[in-house]
Amino acid sequence: MSNFSKLSPKQFAAIGAEFDDIRNRVLADLGERDANYIRTLVKRQRRLEVGGRVMMMIPPTWPLGVAALSVSKILDNMEIGHNVMHGQYDWMGDPTLNSKNFDWDSADTAKNWKQTHNVEHHTYTNVLNRDHDVGYGLLRMSTQQKWEPRFLANVPLTVILHTFFQHFVAVQNLKLEEYLIYKTKTGAQLKEDFKPMWKKMRKQLAKDYVLFPVLAGPMAPLVFVGNVAANLARNVWACAVIFNGHFPEDVEQFPESVLENETRGHWYVRQLLGSANFSGGRLMHIMSGNLSFQIEHHLFPDLPAHRYAEIAPEVRAICEKYGLPYNTGTFLQQTLSTWKRIFKLSLPTRDAGRGRLEPVAEEVPLRMAA
Amino acid sequence: MIATSPNTRFLSTGLRRVLGSRVVAAMTTPHGVDRYLELFDPTWSVNEVRAEITAVSHPTADSVTLILRPNGNWQGFRAGQFVRLTVEIDGVRRTRCYSPANSVHAADGKIEVTAKAHAGGFVSRFLREQARPGMVVTLSQADGSFALPEQRPGRVLLISGGSGITPVMAMLRTLCDEGHAGRITFLHYCNAAKDLIYAEELAEIAARYPNVELLRGFAAVEQCGELQGLFNREQLVTAVPDYAEASTFLCGPPGMMKAVQQLWVEDGIAERLHLENFTAAPVVVDSANAEGDVRFARSERLAANNGASLLDQAEAAGLRPEAGCRMGICHTCTCRKLSGRVRDTRTGQLGEEGEEDIQICVSVPVGTVTLDV
Ligand SMILES: Cc1cc2nc3c(=O)[nH]c(=O)nc-3n(C[C@H](O)[C@H](O)[C@H](O)COP(=O)(O)OP(=O)(O)OC[C@H]3O[C@@H](n4cnc5c(N)ncnc54)[C@H](O)[C@@H]3O)c2cc1C
Ligand code: FES
């Protein structure tokens, strides 16, 4: 049984109020500390990027250069890009750190990302058919997804997804499976949707694979390979972090019925049950964009992520108080658990397609129809 | 780009051309060149006007004068215009308008800004108390139609009150630097002699230039300026009998501006009066009842505030602003509020007056609000 059904409407309301309270307290405390944090990080990332690109052109420092550029891309995408595009720093009023303007060093356009990630994934977290991140239209990630023969390739496809993550994410909004498999989308539609994506991809490809290699003159092959390596490192790492956040075995997926009359309290609980953390030191948290605190991130997606570590004990205490799970483990544990799920679900499972959660709302629903 | 001194200008134009090139743009995509230049010097930028504060002084107890050295993107100003100055206070950027008070011919290319610290004022207090040499601020290019016309008028009357002295001070200094031949009357009102911001320099100018007449009016009775009490017709007719012939430039507190304006209208010479409002924003009364209007500036629509979220109200007005979650988490609906105050439906908190970004799905207007939608 889903943990969802264990709570009474009163408890949902109380949980909502407790989480709102945490959020308001952090909001009221935002200030120079947060501004300094993100600015310092941006500065370090830009230095690593410039340094990495230069070192890559000099053979003895090539490995260092690759490492520096890999770290730079990871920081740019995760602790900076992902978080800034969530609007975590919008309150600063700084146009360079604003979710409306920021773009990241990734093939994916900021606009696309904000649609698939901020809107679809964060509003409808782990709700089948609504949260495209559940399998990216490619994989079977929940027993509630009907098994199809194509899911036999769950494991190799997951490996490919990790390898080309930035490009998969870039075309995620095309919903390719609707064209390729379910034929609900026409080729012409697809082409039209692809245009803006290709524009950004082209720029990214030109920068990493043409411009900088050419600038390196005789060192062009070295720089080319170095850039491939840095992009690959970022892809695999980002994908692994994201998978660990939502797909370890005990993390719940939800049927669409859960959205009917959902209240703020319900939404919070769904976020909680649909996410998992992993433990680590400060460096691990920064390198994962603090998505090691995926639970806190899903409860408060627009609070500056470096604050998650500070509020995690309170979140955990609330979970204990209401008997809700707080899914966490080491990076390795969560990774193994995720891959176990991927393996298992490549084969038909018995309880496929079951499970409708009864809406228990009595309060004002959260989202009014547009 | 960086320094404006002549010997580095050649270098800087060359550098600027390189930095502005398509190749450099492609190399620095998607962040842009400026984000890398900042690593070297916070005032370096290809497009933005940034300025370093080089000197800070306090001409009166409640005011502050800043000398700003702008980067090469600054295109100069016309005497009387203003700039939008942005400072960061506790992590949050705040923008306010200030009128440079210096002559447009100042040889060092620096900008002088004087702000009066208001008791409840956020930015002006900060500048008064925290501004230090070495701080970097962001500026807009100069803006505003309140300015000396290119064809300088012969007879000039400058009327100011309180901190409204700054734009007309720029006019006076500019005209003096140009050796203006026509007569200039500088009519200024403030509470007491100790509150007169450019007191010494004004006295000097009046002594040096025979065509400049300085008339000071102090509200406090025991103070003796050239004029007594508040602005009124009798006083003006006596002190500046030819006021109707002059091009008049006016800037001051609302009450005084209204009185002057009325006189010029009554005399049918309103087209000779140019004015600037510093608009100390009216304090909005917070009320549970929906009041005022919602104005959608870009689409030029207006609706009576019905108390719903601004997103709902925009949609009800037939607009389709971008939106996603409709519950305040995705920031898709964020747009610029140009004026007015809103309440956050989640926290119940009343926001700030003035320009800022808000999430319209979780903001209800409190009184009249203007959105850039
Ligand atoms: C074109 C233009 C040019 C300008 N040029 C200058 C200039 O050269 N020099 C200058 O000093 N100013 C100038 N101003 C005014 C300036 O832009 C600011 O409005 C001023 O400095 C106050 O800003 P603040 O952030 O300190 O006050 P804010 O925090 O924005 O408050 C605005 C006003 O409301 C008052 N206030 C705030 N809270 C309360 C409250 N609770 N109760 C009652 N009153 C309250 C403040 O005292 C202040 O007067 C200009 C304005 C314009 C539009
Ligand atoms: S629509 Fe998502 S924050 Fe407003």
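Which side chain does B:Glu112 meet in a salt bridge? The partner is B:Arg173, at 3.2 Å from N to O, a salt bridge here being a side-chain nitrogen of Lys or Arg within 4 Å of a carboxyl oxygen of Asp or Glu. The model is a predicted one, in which local features need pLDDT of at least 70 and side-chain atom pairs count only at pLDDT 80 or more, while totals for chains, interfaces and linings use all residues; side-chain values rest on heavy atoms, with hydrogens and water left out. Residues are numbered from 1 along each chain as its sequence is written, and chains are lettered from A and ligands numbered from 1 in the order in which they are written.

Chain B splits into domain 1 (6–139), domain 2 (156–277) and domain 3 (293–371), with bounds that come from an automatic or database domain assignment. Taken over C-alpha atoms, the centres of domain 1 and domain 2 of chain B sit 29 Å apart. Their contact (heavy atoms within 4.5 Å) draws on 18 residues from domain 1 of chain B and 16 residues from domain 2 of chain B. About 1,300 Å² is buried between these two domains, 57% of it from carbon and sulfur atoms; buried area is the accessible area (1.4 Å probe) that two parts lose on being put together, summed over both. On the domain 1 side, B:Thr60, B:Ala101 and B:His105 supply 30% of the area buried against domain 2 of chain B, more than any other three residues.

Across this domain interface the rule finds one salt bridge. It also finds eight residue pairs in polar contact, both residues at pLDDT 80 or more. A polar contact is a pair of N or O atoms within 3.5 Å; within protein, one must be able to donate a hydrogen and the other to accept it, and residues adjacent in sequence count only if both atoms are side-chain atoms. Strands S2 (63–70) and S5 (111–116) of chain B each bring at least two residues to the side of domain 1 that touches domain 2, and S5(B) gives the most, with three. Helices (H or I, at least four residues) and strands (E, at least two) are DSSP runs, numbered from the N terminus.

Then there is B:Ser124, in helix H4 (residues 122–130) of chain B. B:Ser124 counts as buried because its relative accessibility is 5%, the classes being buried under 20% relative accessible area, exposed over 50% and partly exposed in between (1.4 Å probe, protein chains only). Leaving aside residues up to four places away in sequence, B:Ser124 touches B:Tyr98, B:Lys116, B:Ala117 and B:His118. The C-alpha atoms of B:Ser124 and B:Asp62 are 9.5 Å apart, with the two residues 62 apart along the chain.

As for the chain pair, the contact takes 29 residues from chain B and 50 residues from chain A. Some 3,300 Å² is buried between them, with carbon and sulfur atoms giving 56%. In chain B, the residues that lose the most area to chain A are B:Leu39, B:Met327 and B:Ile329, together 18% of what that side buries. The rule finds one salt bridge across the chain interface: A:Arg39 pairs with B:Glu88, the closest N and O atoms being 2.6 Å apart.
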